[in-house]
Amino acid sequence: MIKKTLYFGNPAYLSLTNKQLVIKLPEVETADDLPDIIKSQSVRTIPIEDIGIVVLDHPRITITEGVIAALLANSTALITCNEKRMPTGLLMPLHGNTLYNERFRNQLDASLPLKKQLWQQTIKYKIENQAAVLRKNNSNVSANNMLVWARDVKSGDPDNYEARAAAFYWKNLFQDNPDFIRAQEGGVPNNLLNYGYAILRATVARALVMSGLLPVSGIHHHNRYNPYCLADDIMEPYRPFVDQVVIDTMKKMPIPEELTTDIKRELLSIPVVDVWINGKRSPLMIAVSQTTASLAKCFNGELRKIAYPVVV
């Protein structure tokens with residue numbers, strides 16, 4: 001089942017009644033120039049079980065503890081934004097799978113050779129997907145070199161083909177911006193990429209928890225201050241799908257330094273974009289669940305390969 005992504009960019013009061021998220025918009029309720037019929041429609045309810053991601057993007061949003069507890073019990077990812085209205089925090093449940101303890105032990109006991117092999121697969125898919133996106137959007141550049149690098153990735157990627165491919169990819173991806181440099185605090189369209197990757201990260205972290213895995217323990221990323229190392233690992237082959245959404249968005253509208261609601265609406269569609277995985281078309285959110293489920297099976301010895309999507 002595809003879960004809803006809810007975005008709140010205006011003042012709101014979020015409460016819980018009978019396992020329903022109750023949304024009240026105070027600016028509508030107190031407006032003197034609106035008819036009563038519109039005011040009466042300002043309160044909405046949504047079943048908690050239908051919600052997968054919630055984005056809180058306004059300083060005047062009030063959310064009750066009951067809502068937070070219900071969302072986490074439903075394995076919903078709760079994203080908060082900073083004063084620049086960019087995602088800055090992610091709240092996830094501590095557990096979301098009945099086999100959590102067993103899978104957690106298998107994950108922590110995974111051997112270094114297994115982790116290196118899983119990282120090899122991850123980078124191979126990432127580079128191949130980057131090459132496919134590059135071919136789609138820049139006919140003047142051949143991506144055959146990237147396919148060679150993907151083929152040559154060894155266990156653990158000791159030759160760092162990931163960085164080599166990334167440098168070539170970002171240099172050639174945006175035809176109208178040949179001087180583009182991918183950086184967290186860089187200029188447009190870095191703001192779109194940052195926002196899109198934050199949505200993707202939340203989607204992956206949620207799926208990891210639901211598969212009984214611990215997002216903090218990565219197969220490659222290791223940072224004592226990063227509670228989502230495994231999410232950052234597993235999202236790598238999915239990043240090119242975000243890049244394509246960003247490119248499509250840039251074709252539709254001008255991109256300012258501060259993202260508009262219309263732009264965010266485009267980026268919030270990322271969990272439901274279509275991808276190909278295991279030979280079938282699937283919404284990205286469902287594909288991520290297949291990926292994390294296969295990863296859990298790799299940790300417990302049932303599988304040797306992670307199921308990743310491909311850009312077609």
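1. A pocket here is an open set of points on a 1 Å grid over the protein atoms alone, where a 1.4 Å probe fits, with protein on both sides within 12 Å along at least five of seven lines; lining residues have an atom within 4 Å of a point. The model is predicted: local features need pLDDT of at least 70, side-chain atom pairs count only at pLDDT 80 or more, and totals for chains, interfaces and linings use all residues. Residues are numbered from 1 along each chain as its sequence is written, and side-chain values use heavy atoms, with hydrogens and water left out.

2. Second largest pocket. Its volume is about 410 Å³ (the space filled by probe spheres set on the points, which are joined across faces, edges and corners). It has 18 lining residues; Leu 6, Tyr 7, Phe 8, Gly 9 and Arg 44 lie nearest its centre. Strand S1 (4-8), strand S4 (44-47) and helix H11 (261-267) each give two or more residues to this lining. Helices (H or I, at least four residues) and strands (E, at least two) are DSSP runs numbered from the N terminus. S1 supplies the largest share, four residues. By class, the lining has nine nonpolar, six polar and three charged residues. Ala, Val, Leu, Ile, Met, Phe, Trp, Tyr, Cys and Pro count as nonpolar, Asp, Glu, Lys and Arg as charged, and the others, Gly among them, as polar.

3. Largest pocket. The volume is about 1,000 Å³. Of its 39 lining residues, Pro 87, Arg 182, Gln 184, Asn 194 and Ala 198 are the closest to the centre. Strand S8 (87-91), H5, H7, helix H8 (190-210) and helix H10 (239-252) each supply at least two lining residues. H8 has the largest share, with seven. The class count is 16 nonpolar, nine polar and 14 charged.

4. Helix H6 (residues 144-152). Met 146, Trp 149 and Ala 150 are buried (under 20% relative accessible area; exposed is over 50%, partly exposed in between; 1.4 Å probe, protein chains only). Seen down the axis of H6, the buried residues fall within an arc of 100 degrees, so they line one face. The arc is that of the directions from the helix axis to the C-beta atoms. Asn 144 and Arg 151, on the other side, are exposed. The cover over the buried residues includes helix H5 (112-137) and helix H7 (161-173).

5. Cysteines. There are zero disulfides (pairs of cysteine sulfur atoms within 2.5 Å). Cys 298 is in none; the nearest cysteine sulfur, that of Cys 229, is 19 Å away. Cys 298 counts as buried, at 3% relative accessibility. Cys 81, at 17%, also counts as buried.

Key
Contact = heavy atoms within 4.5 Å.
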